[in-house]
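Work through the exercises below with the sequence and the model open. Try each task before reading its solution.

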Amino acid sequence: MPIIVNLDVMMAKRKISLNELSEKIDITPANLSILKTGKAKAIRFSTLDAICKELGCQPGDILEFTEE
Amino acid sequence: MNKKIKLYCIILSVIYISVVVYTIFREVASFSAGFNEGLKDIPRETLHVNLIPKSGGYSFPTSTTNIMDNQEMKMEIQSAKIMVFHPQKLPLPITIMYYAIIFLAFAILICTIWLPFLFFKIIRSASKGNIIDLKVIKRIKKIGIILVFFYVIDVLIYIVETLKAEYLVKLEHYNFFVDFSGFGTLILGIVTLLLAEILSVTLKMKEEQDLTI
């Protein structure tokens, strides 16, 4: 898929673990893991909003487009 | 699990079992009579044919007597079983088609036994709440294919029986014809395949939805 999720990079920069982030944005660790590993098919704006608020970043810091 | 699904599954199972039991009891006498006839050592050919009057439908070419009042009645026969004694040898193409049909009849027998197992596995999955599941969809597709297969074989059997009848027998008032009108099974088979495709699309949508975070 040409959309790459760089959530793990942002989490490392902010020094926050998967479980902590999932608790703060009210998403299960399993679902957050699906997102982090690039297996998700789609992301809701509400989820993106919650992640960006918590990590203090822009959507473009989390999502990246590359040509296949 | 959805109560309506459970209720419909129970009703369908009861109807299915009733039909099977009724058919068995109805056909036991026929089976016994056919078996006893088959034991007799006289060369014969039994033909299952559809008839149409030579002078057209509703011409009632056959007469019989009403034993209630000894009045003559007219009637029209639409299907018949004809037993021909000492039949002449059939031409090779018809003989080959006949044996091919016998082979396909075994396939039909296997499908007839397999069909209720598929059906009850689907009902069991439905009762556990797993309607939209890849295995269930595959089973529904198999049921659809089997139903279409039943119709095709039925038509082939009619064709072979009609060819045999045309070769061996000439009736005074009737012609033989191949009845293609048993579309119920064909339509049911195609609708079942359509349902399986719709469920496939539904499953893809569900999987995508499950992976929407």
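The exercises that follow concern a predicted model.

**Exercise 1. The contact between the chains**

Task: Describe the contact between chain A and chain B by its residues, buried area and polar pairs.

Solution: 
- Step 1. Count the residues. Chain A supplies 11 residues to the contact, and chain B supplies five residues.
- Step 2. Take the area. The two chains bury about 710 Å² between them. Carbon and sulfur atoms carry 64% of it.
- Step 3. Find the main contributors in chain A. A:Lys41, A:Ala42 and A:Arg44 lose the most area to chain B. Together they make up 58% of what that side buries.
- Step 4. Look for charge pairs. The count between chain A and chain B is zero salt bridges.
- Step 5. Look for polar contacts. Six residue pairs are in polar contact between chain A and chain B, both residues at pLDDT 80 or more.
- Step 6. Assign the chain A side to an element. Helix 3 (residues 29-36) of chain A gives the most to the side that touches chain B, with three residues.
- Step 7. Sort that side by residue class. The chain A residues touching chain B divide into six nonpolar, two polar and three charged.

**Exercise 2. Salt bridges within chain B**

Task: Compare the pair B:Glu45 and B:Lys164 with the pair B:Lys141 and B:Glu197.

Solution: 
- Step 1. Side chains of opposite charge can pair when their charged atoms come close.
- Step 2. Take the pair of B:Glu45 and B:Lys164. Their side chains meet at 2.9 Å, N to O. B:Glu45 lies in strand 1 (residues 44-53) of chain B and B:Lys164 in helix 3 (residues 134-168) of chain B, so the pair ties together parts 119 residues apart in sequence. Both B:Glu45 and B:Lys164 are buried.
- Step 3. B:Glu45, B:Glu161 and B:Lys164 are linked in a network of salt bridges.
- Step 4. Take the pair of B:Lys141 and B:Glu197. Their side chains meet at 3.6 Å, N to O. B:Lys141 lies in helix 3 of chain B and B:Glu197 in helix 4 (residues 183-210) of chain B, so this pair ties together parts 56 residues apart in sequence.
- Step 5. Judge the exposure of this pair. B:Lys141 is partly exposed at 29% relative accessible area. B:Glu197 is partly exposed at 43%.
- Step 6. Over all chains the count comes to six salt bridges.

**Exercise 3. Loops and annotated spans of chain B**

Solution: 
- Step 1. Start with B:Phe60. The residue lies in the loop between strand 1 and strand 2 (62-66) of chain B. B:Phe60 is partly exposed at 35%.
- Step 2. Move to B:His86, in the loop between strand 4 and helix 2 of chain B. Its phi is near 45°, again a positive value in a residue other than glycine. B:His86 is exposed at 59%.
- Step 3. B:Pro91 is partly exposed at 28%. B:Pro91 and B:Lys164 are 73 residues apart in sequence and 9.2 Å apart in space, C-alpha to C-alpha.
- Step 4. Turn to the record. An unreviewed UniProt entry lists residues 7-25, 96-122, 143-160 and 180-203 of chain B as "transmembrane region".
- Step 5. Check two of these spans in the model. Residues 7-25 of chain B are 100% helix, with end C-alpha atoms 27 Å apart. Residues 96-122 of chain B are 100% helix, with end C-alpha atoms 38 Å apart.

Technical notes
Residues are numbered from 1 along each chain as its sequence is written. Chains are lettered from A and ligands numbered from 1 in the order in which they are written. This is a predicted model: local features need pLDDT of at least 70, side-chain atom pairs count only at pLDDT 80 or more; totals for chains, interfaces and linings use all residues. Side-chain values use heavy atoms; hydrogens and water are left out. Contact means heavy atoms within 4.5 Å. Buried area is the accessible area (1.4 Å probe) that two parts lose on being put together, summed over both. A salt bridge is a side-chain nitrogen of Lys or Arg within 4 Å of a carboxyl oxygen of Asp or Glu. A polar contact is a pair of N or O atoms within 3.5 Å; within protein, one must be able to donate a hydrogen and the other to accept it, and residues adjacent in sequence count only if both atoms are side-chain atoms. Helices (H or I, at least four residues) and strands (E, at least two) are DSSP runs, numbered from the N terminus. Ala, Val, Leu, Ile, Met, Phe, Trp, Tyr, Cys and Pro count as nonpolar, Asp, Glu, Lys and Arg as charged, and the others, Gly among them, as polar. Buried means under 20% relative accessible area, exposed over 50%, partly exposed in between (1.4 Å probe, protein chains only). UniProt positions are given in the numbering used here, feature names are shortened, and annotations may be inferred rather than shown by experiment.
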